[in-house]
Amino acid sequence: MTSPYLIRFDTPIGRIELLADETEITGLAIERDGALPHDDLPERPAPVLDTARRQLDEYFSGTRTTFDVPVRLSGTPFQRAVWAELQRLGWGEAISYGALASAVGRPGSARAIGGAVGANPVPIIVGCHRVLGSDGRVTGYSGGDGVPTKLWLLAHEQIGFAA
């Protein structure tokens with residue numbers, strides 16, 4: 001099997017690794033404890049990766065508030081429904097797990113929503129950091145260094161949250 005298209009680059013929240021097929025971004029990982037999931041693989045640049053990196057650089061510099069790089073979100077129908085709702089959120093907008101559950105027609109399933117949010121294969125581009133507890137609290141984050149990474153992203157987008 002050929003290794004995926006892959007690049008890595010530095011950001012304010014640590015190194016990011018982007019994976020892609022010929023035309024779409026398929027994964028984004030944020031460095032955790034100095035490591036990325038595919039540090040053992042060589043980089044394989046591709047035009048879609050260059051586009052995604054440029055858009056992420058612009059996001060981190062504050063000049064981009066939306067992403068239009070193509071992504072492929074592989075998951076269960078439930079996960080894809082959750083991720084589609086996340087894609088509707090704009091810069092600076094947040095939603096609670098409960099409201100997200102209602103939006104996908106599964107009221108009362110906030111815990112399952114949390115699992116789907118945490119399984120998002122392309123965080124930041126699909127803004128899973130924008131999901132908060134029903135009381136506005138930050139309840140967790142699976143990317144990078146966890147909650148500190150989420151707090152940085154929320155502050156960057158000027159999204160208020162409860163302490």
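Q: Phe 60, buried or exposed?
A: Phe 60 is buried, with a relative accessible area of 10%. Buried means under 20% relative accessible area, exposed means over 50%, and partly exposed is in between, with a 1.4 Å probe and protein chains only.

Q: And what sort of model is this?
A: This is a predicted model, in which local features need pLDDT of at least 70 and side-chain atom pairs count only at pLDDT 80 or more, while totals for chains, interfaces and linings use all residues. Residues are numbered from 1 along each chain as its sequence is written, and side-chain values use heavy atoms, with hydrogens and water left out.

Q: OK, aromatics. How many pairs turn up in the whole structure?
A: The search finds four aromatic pairs. Rings of Phe, Tyr and Trp (its six-membered ring) pair if their centres lie within 6.5 Å; planes under 30 degrees apart count as stacked, over 60 as edge-to-face and the rest as tilted.

Q: What is the geometry of Tyr 59 and Phe 60?
A: Their ring centres are 5.3 Å apart and the planes stand at 75°, so the pair is edge-to-face. Tyr 59 and Phe 60 are both buried.

Q: Then Phe 60 and Trp 152, why is that pair called tilted?
A: Because the planes of Phe 60 and Trp 152 are at 55°, with the ring centres 5.8 Å apart. This pair links distant parts of the chain: Phe 60 is in helix H1 (residues 47-61) and Trp 152 is in helix H5 (residues 147-156), 92 residues apart. Helices (H or I, at least four residues) and strands (E, at least two) are DSSP runs, numbered from the N terminus.

Q: Which residues are in the ring cluster?
A: Tyr 59, Phe 60, Phe 67, Trp 91 and Trp 152 are linked into a cluster by ring pairs.

Q: Where do charges sit over rings?
A: The charged end of Arg 44 sits over the ring of Tyr 5, 4.4 Å from its centre. Likewise, the charged end of Arg 106 sits over the ring of Phe 78, 4.4 Å from its centre. The criterion is NZ of Lys or CZ of Arg within 6 Å of the ring centre and within 35 degrees of the ring normal.

Q: How many bridges between E1 and E2?
A: E1 and strand E2 (residues 16-20) pair in the antiparallel sense over five bridges; two strands pair if DSSP finds at least two bridges between them. Phe 9 stands opposite Ile 16 in E2. The hairpin of E1 and E2 has six residues between the strands, and Gly 14 takes a positive phi near 110° there.

Q: Switching topic. Where does UniProt put the active site?
A: The unreviewed UniProt entry places the feature "active site" at Cys 128. UniProt positions are given in the numbering used here, feature names are shortened, and annotations may be inferred rather than shown by experiment. Cys 128 is in the loop between helix H4 (110-118) and strand E5 (131-132).

Q: Is Cys 128 buried or exposed, and what does Cys 128 touch?
A: Cys 128 is buried, with a relative accessible area of 4%. Not counting residues up to four places away in sequence, Cys 128 touches Leu 86, Val 117, Asn 120, Pro 123, Tyr 141 and Lys 150. Contact means heavy atoms within 4.5 Å.

Q: What about Tyr 97, which contacts?
A: Leaving aside neighbours within four places in sequence, the contacts of Tyr 97 include Val 117, Val 131 and Lys 150. Tyr 97 lies in helix H3 (residues 97-103) and counts as buried at 15% relative accessibility.
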